[in-house]
Amino acid sequence: MIPELGHISLIIAFGLAIGLTAIPFWGSLRGHVAAMNLAPSLAVGVLVFTAIAFALLAASFLQDDFSVAVVAANSNSLLPPLFKFSALWGNHEGSLLLWVLILAGWMTAVACLSRGLPLAMIARVLSVMGLIAVGFLAFSLLTSNPFERLLPNTPLDGSDLNPLLQDPGLIIHPPLLYMGYVGLSVPFAFAIAALVGGRLDASWARWSRPWTNVAWGFLTLGIMLGSWWAYYELGWGGWWFWDPVENASFMPWLMGTALVHSLAVTEKRGVFRSWTVLLAIFAFSLSLLGTFLVRSGVLTSVHAFAADPERGLFILVFLALVVGGSLLLYALRAPTVASRVGYAVISRESLLMVNNLVFTVAATTVLLGTLFPLVMDALSLGKYSVGPPYFNAVFVPLMALLMPFMTVGPISRWRQDAPRRWLQELLGPAIAVVVLAPILSALMFDFNVWVALAVLLAGWVAVGVLRDLWHRLTAGRSGALQWRRLSPSFVGMTLAHLGFAAVVLGAVVVTQHSEERDLRMAEGDSAELGGFRFELTRIGQQPGANYIADQAFFVVTEGDNAIATLVPEKRRYLASGQVMTEAAIDAGLLRDLYIALGEPVGEGAWAVRLQYKPMVRWLWVGSFLIGFGALVTALDRRYRVQLASRQEPEPAGQGFEFAG
Amino acid sequence: MQVRRFIPLLGFGLLSVLLFRGLSLDPTALPAARLGQPFPEFAKPELQSGEAIGVADLSQRPALVNVWATWCYSCRVEHPYLLELASAGVPIYGLNYKDDAVKARAWLTQLGDPYALNIVDVEGSLGLDLGVYGAPETYVIDRDGKIVHRHVGILDSRVFHADFGAWFSSVVEGTVPLAQRGSVAK
């Protein structure tokens, strides 16, 4: 009964979404106020019924109802309850339902928080989001029904959740990632609504900005968690693999990064309007494309869901309608008249254009690399796979190119600035960084030219940002630090830029200075790595909830001090018989020590992999700062004040509230 | 209206055609990242003897490396044909992939053992080095130990005659009868 109720709820949500797509939009074209006023209620209705469907599917998982196909395929009676719950989105059908639920959540948020906007604008924005909901609900109902039953041959027990996914990281990684993916539909909907209404002005950019920043922030956090999860769960200490599915999440991120910055220019200065609209369309299109790549089976990946050409065709048609339709709309309606306001070559606008160029080119190269095997295959030119060497070769120089500009951007002035002023402001930091970078990098590790370069660039960004922060804090006459003068936009940008510097530094250092050893070790053996001594004291066995673990106890010493006891495990899951490596990590700000257990190699000995990973944490701490910073910017009072009073934007200031 | 505003639409149109074409292609037919390169170094236990083996233990003539596991139904479908090939003199090395050694030994006792050696890869690290997508997969290594061919999915006589003949011509020329094609089930 419960699954059937869930199915019915999903159908009702589908009906409401159709209403949401059609009625308010029709109303906005006819000026029919009552029809437009329906939009928020319909959006809430879609949320309510999707949430009911979601809750009922969750109930089926928690009650071990193995007559439901997805439960039987992805859960097991022995699974801990928390994993039974997260198993809901560890599969294609359930994760799609989560996708729709989050979309409905964003719709409702837009409906509730946009009361100050012109009615026609709200109606159109919600209609566009409704259309996306229609597409995905139809996808779910027609090709991937999560409530499908296995009757009458109901299995006695489920075949278990993939052990890789039995991890707290998986509970929050997909929801956060989807918050980002799906959240990009909000700026997309705003862009489409603005194109339809023919009103692509600064206020449109102002309305889109907080939503874009929040969605992009969630996307950042989601990607960060995925990378972290891969690091500790996959057992070989890697943190980014340029896998097609990782790329699928990374492309919208790159495009979103360009969008976040481009929106700033459009909001403040009214320029780049067509370009910003195009970026908003691209960013969401790439997240739809990611969905297609992951769920259609056109590319192979460790992440890919079960391949199904029928599903692939469905998303492709939907993709063609949504993206093709929006690009057609763009071609017909984008403003063709150049902006009144110009800007000089030496200006903040130009610097932000550099940002836009770099990130658009980066997204395009990642797209090319991801699709290259498909292109060659489709043209019958042979089979290829594109690996990390390509991506690193194009991506690393692009980021290195970007960083010198990152420091100048935030301190520069709109419209026209003077190189002499930049020189005055930044000469000190530049000299300090150039002198200190090689010394610092040599002190921390053995001298390495790449690390020195990374310290130089990251230091340049960090020093520039901190100097700017100090400047603002001490701007008052009283001598006291003016924390209150800092706007959330500025704080967010500062955090995000510092985070970016940290990620770059961490990435280069961990790539250049990691050490690892593959060893055969028995009880009593010890080994040295990175100045640490690892002694294997004991090997034992320990049963878990739904697995049995072989455990090896290591005592790690540095000099004479014991600094950690690490217990890597080899788990055998009872239901599937699958074997999983559970790495043990001694985490630190400056280095991780990482032990993974391989196979038993006879006579009580095990294959063991020891790794020394310097500064690997900086990757995630940095990404967290980027994501958190983006969320902070949305708190800026400016956005709320404007929404409430519905005023035209104030004339562009001197760039004090720029948010990255 | 400006023509250049249609450029994104045009680009997307091309992309859609490509993606549509992609739907009808089989990505698992992608070659190994390792094709043309030496078989990766490894140090793994042998399934039956438990001794540690490595690349040096593989023979100096063309051979198959077959990725299999007891949890893989298609491997069971494929198994009789491997026995046939082995009896026709094709050296086959097993890569027992993410499997339970006890079950794997039982399987070989029950169904017959076509493998000259069986590399135990419980955690799949060798599979990772090879670029294995799943089981079954079969690789051809030549006399220099280089990976020269890869087949994803069930190996049957049709596939063998079509794609493996270059390295096993004597076998293809009639010593092995055309066995019936295994149904593809995964």
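Predicted model: local features only at pLDDT ≥ 70, side-chain atom pairs only at ≥ 80, totals over all residues.
1. In chain A, four strands form an open sheet in the order S1-S10-S9-S8, with antiparallel pairing; two strands are said to pair if DSSP finds at least two bridges between them, and the strands themselves (E, at least two residues), like the helices (H or I, at least four), are DSSP runs numbered from the N terminus. Strand S1 (515–521) and strand S8 (584–586) of chain A stand at the edges with a single partner strand each, so one side of each has no neighbour in the sheet. Neighbouring strands of this sheet are turned against each other by 20 degrees on average, direction ignored, where the axes are lines fitted to C-alpha atoms (for helices over the stretch in contact) and angles run from 0 to 180 degrees between N-to-C directions.

2. Residues are numbered from 1 along each chain as its sequence is written, while chains are lettered from A and ligands numbered from 1 in the order in which they are written.

3. Within the sheet, strand S9 (residues 591–602) and strand S10 (residues 605–614) of chain A pair in the antiparallel sense over nine bridges, and one place to look is A:Arg591, whose bridge partner in S10(A) is A:Pro614. As background, strands of a sheet pair through backbone hydrogen bonds, either parallel or antiparallel.

4. Another antiparallel pair in chain A consists of strand S4 (residues 547–558) and S5(A), joined by five bridges, with A:Ala562 in S5(A) as the bridge partner of A:Thr557. The two strands S4(A) and S5(A) form a hairpin with two residues between them, and A:Gly559 in the turn has a positive phi of about 65 degrees. Is strand S5 (residues 561–566) of chain A largely in the open or largely buried? Of its six residues the number buried is zero, so strand S5 of chain A lies largely in the open; here a residue is buried if 20 or more other C-beta atoms lie within 10 Å of its own, exposed if 12 or fewer, and partly exposed in between, with C-beta atoms placed from the backbone.

5. A:Phe272 is in the loop between helix H10 (244–269) and helix H11 (273–296) of chain A, and A:Phe272 is buried, with 23 other C-beta atoms within 10 Å. A:Met615 is found in the loop between S10 and helix H18 (617–633) of chain A, and A:Met615 is buried as well, with 24 other C-beta atoms within 10 Å.

6. The largest nonpolar core has 186 residues, and A:Leu505 is among those with the most contacts inside it; such a core is a set of buried Ala, Val, Leu, Ile, Met, Phe, Trp, Tyr and Cys residues joined through C-beta atoms within 7 Å. Not counting residues up to four places away in sequence, A:Leu505 touches A:Ala454, A:Val455, A:Ala458, A:Met615 and A:Trp618, where two residues are in contact if their C-beta atoms, placed from the backbone, lie within 7 Å. A second, separate core of 38 residues includes B:Leu64, B:Leu130, B:Ile141 and B:Ile147.

7. Chain B has six helices and seven strands, which follow the pattern α-β-β-β-α-β-α-β-α-β-β-α-α along the sequence. Of its 186 residues, 38% count as buried, and among the contacts in chain B with a separation of 6 or more, 74% come from residues 24 or more positions apart.

8. B:Gly127 lies in helix H4 (residues 125–130) of chain B and is buried, with 20 other C-beta atoms within 10 Å; leaving aside neighbours within four places in sequence, B:Gly127 is in contact with B:Val67, B:Leu95, B:Tyr97, B:Asp121 and B:Val132. B:Asp144, by comparison, sits in the loop between strand S6 (137–141) and strand S7 (147–152) of chain B and counts as exposed, with 10 C-beta neighbours inside 10 Å.
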